[in-house]
Structures are given as structure tokens and as C-alpha cells.
Amino acid sequence: MTQPATPTRPRARALGFIATSADGFIAREDGGIDWLLKLHARMPQGEDGGYAAFIARVDALVMGRSSFEQVVGFAEWPYGELPVVVLSRRGVAVPAALQGRVQVSSELPRALLQRLGAQGVAAVYVDGGLTLQSFLREGLLDELTVTTVPVLLGRGRPLFGPLPHDLGLGLRHVRHWPFGFVQCAWVPEGAPG
Ligand SMILES: NC(=O)c1ccc[n+]([C@@H]2O[C@H](COP(=O)([O-])OP(=O)(O)OC[C@H]3O[C@@H](n4cnc5c(N)ncnc54)[C@H](OP(=O)(O)O)[C@@H]3O)[C@@H](O)[C@H]2O)c1
């Protein structure tokens, strides 16, 4: 007797939302984001650059180990109950207070998105420069929102890196604010959009 086909869920969609200096860095060489926090402080009360609307669209967060190591040092964990997967091949300690909310994984991007999709996760926030680069290289990033802030750092950790081929980007929106932030949302070519 033929078995009914098992319904397969689509992989989770991968969405990026990240800020860079005007010369394309997401952090200083030592990982510092003091420059970004300083510029954030100039934003008027109630303005968040679209962050709340973005985070409301995702069911989980995937971040690189370096990003986790920075954020875990913040006075307050900024992601509430949102499930977080930290990608690390070498492993990283998760504080007791975050057990159950933060999982460490060494899965490759495609396998991770497939597993999360099978668990009912529709969209994930992918964070961290090297991590975003690896999703872009695999053609797995569905959308990328980049907020460029008005400072030149001269050196630091870049948002983008080597790719196997050119990757065209479809522009979805552009916003700018009087305090000098410019935000572009892109859909990489080949992504469902
Ligand atoms: N400007 C912003 O909006 C913004 C946003 C986020 C982060 N940041 C800053 O950016 C810095 C971190 O970014 P980053 O580019 O240095 O690193 P990252 O992407 O946060 O972390 C990279 C690490 O993640 C692990 N990893 C596991 N699987 C991976 C995969 N498939 N692809 C890539 N990495 C994988 C590796 O850790 P193992 O070595 O353990 O294997 C790798 O070294 C931090 O300083 C953070 O504060 C800034």
C-alpha cells in the first residue's frame, strides 16, 4: 500500500537587520560597538529605526558566536523569550539564566534553516557579519536590511566578504532620518522575495 506523502514544511526564511559605519564595518577590530551605541543615543525618543517592526516578523534568532559574546555582556539580555541559536564550531558557554532560550549549534546554514522550518519556524533573524556572509554565500539570505550610520571607522570587522559570484540585490525600501541614518532593505537575487 502506498503511504501518504509526509507533508514537508519549507525552510525558515532568513532575514538580516544590521547597522554599518559609512565605510561598511559592523564593529571595531576588537568587536567594539561603542561608536554605534553613541550614534543610537542621538535617536529621538520613540524612534528605533524600524527594529521593533522587524523583530516582530521573526520567530527566532540565529547569531554568530562573536555576536553572542558581545551581547551576553550587556546589562540586560535584549531578546526576551525569543529562541536564539548561537552558531559555533568550537562551542561557547551559555549562562544559566539563558538556558532554555539559547541553544548552541554547529549546523550548516541550510540544515539549520530546514530544521527550524520543520519545527514550524517561518522566519529567523540572522545576525553577525561572518554569519550573514556564510548565509549569503550559500544563497540562503532572503532579505537584508542595512542601516548605514554617519561615521567612518577606517578599519574594523566588515559586513560583507568574499562571494563565489556577483550577487544582484533588489531594492525593497530606502528610508533616511534627519539624524543621518540611511536604511536600505534588499532582496538578494534568487531569493523568493
Ligand atoms: N553593527 C551591528 O548592527 C552589529 C550586529 C551584530 C553584531 N555586531 C558586532 O559584530 C561582531 C561580531 O560579528 P563577526 O562578523 O565578528 O562574527 P559573528 O558572525 O557574530 O560570529 C562568527 C562566529 O560564528 C561562528 N559560526 C558558526 N557557524 C558559522 C557560520 N555558518 N558562518 C559564520 N560563522 C559561524 C564561528 O564561531 P566559532 O569560532 O566558535 O566556530 C565564527 O567565528 C561583534 O563585535 C558584534 O558586537 C554588530
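**Figure 1. Thr148 in strand β7.** Thr148 sits in strand β7, which covers residues 143-149. The model shown here and in the other views is predicted. Thr148 counts as partly exposed, at a relative accessibility of 27%. Once its neighbours within four places in sequence are set aside, Thr148 is in contact with Thr20, Ser21, Ala22, Gly180, Phe181 and Val182. One of these residues, Ala22, is 126 residues from Thr148 in sequence, yet the two C-alpha atoms are 5.6 Å apart in space.

**Figure 2. The aromatic pair Phe17 and Tyr51.** A search of the whole structure gives seven aromatic pairs. In one of them, the ring centres of Phe17 and Tyr51 are 6.0 Å apart and the ring planes stand at 65°, so the pair is edge-to-face. Planes over 60 degrees apart count as edge-to-face. Phe17 belongs to strand β1 (residues 13-21) and Tyr51 to helix α2 (residues 51-55), so this pair ties together parts that lie 34 residues apart in sequence. The two residues can also be described by their cover. Phe17 is buried, and its relative accessible area is 11%. Tyr51 is partly exposed, with a relative accessible area of 27%.

**Figure 3. The aromatic pair Phe54 and Tyr125.** The rings of Phe54 and Tyr125 have centres 4.9 Å apart and planes at 85°, so this pair is edge-to-face. Phe54 is in helix α2 and Tyr125 is in strand β6 (residues 123-127), so the pair ties together parts that are 71 residues apart in sequence. Phe54 counts as buried because its relative accessibility is 3%, and buried means under 20%. Tyr125 is buried as well, with a relative accessible area of 4%.

**Figure 4. The aromatic cluster.** Phe17, Tyr51, Phe54 and Tyr125 form one aromatic cluster. Its members include Phe17 from strand β1 and Tyr51 from helix α2, together with Phe54 from helix α2 and Tyr125 from strand β6.

**Figure 5. Helix α5 and the glycine that follows.** Helix α5 spans residues 129-137 and is mostly covered, with seven of its nine residues buried. The buried residues in α5 are Gly129, Thr131, Leu132, Gln133, Ser134, Phe135 and Leu136. After α5 comes Gly139, which has a positive phi, near 70°.

**Figure 6. The whole chain, as a setting for the close-ups.** The chain contains five helices and ten strands. Its radius of gyration is 17 Å, close to the 16 Å given by the globule rule for 193 residues, so the chain is as compact as a globular protein of that length. Along the principal axes, the C-alpha atoms fill a box of roughly 65 × 40 × 35 Å. Of the 193 residues, 43% count as buried. Among contacts between residues at least 6 apart in sequence, 68% join residues at least 24 apart. The accessible surface of the chain is about 10,800 Å², and 55% of this area belongs to carbon and sulfur atoms. The chain carries 18 positive and 17 negative side chains, and the centres of these two sets lie 2 Å apart.

Methods:
Residues numbered from 1 in each chain as written. Predicted model: local features only at pLDDT ≥ 70, side-chain atom pairs only at ≥ 80, totals over all residues. Heavy atoms only, no water. Helix = DSSP H or I, 4+ residues; strand = E, 2+ residues; numbered from the N terminus. Rg over C-alpha atoms; globule rule 2.2 N^0.38 Å. Buried < 20%, exposed > 50% of the residue type's maximum accessible area, 1.4 Å probe, protein only. Contact = heavy atoms within 4.5 Å. Areas by Shrake-Rupley, 256 points an atom, 1.4 Å probe, with all protein chains shown as cover. Lys, Arg positive; Asp, Glu negative; His and termini not counted. Charge placed at Lys NZ, Arg CZ, Asp CG, Glu CD. Phe/Tyr/Trp six-rings, centres within 6.5 Å; stacked < 30°, edge-to-face > 60°.
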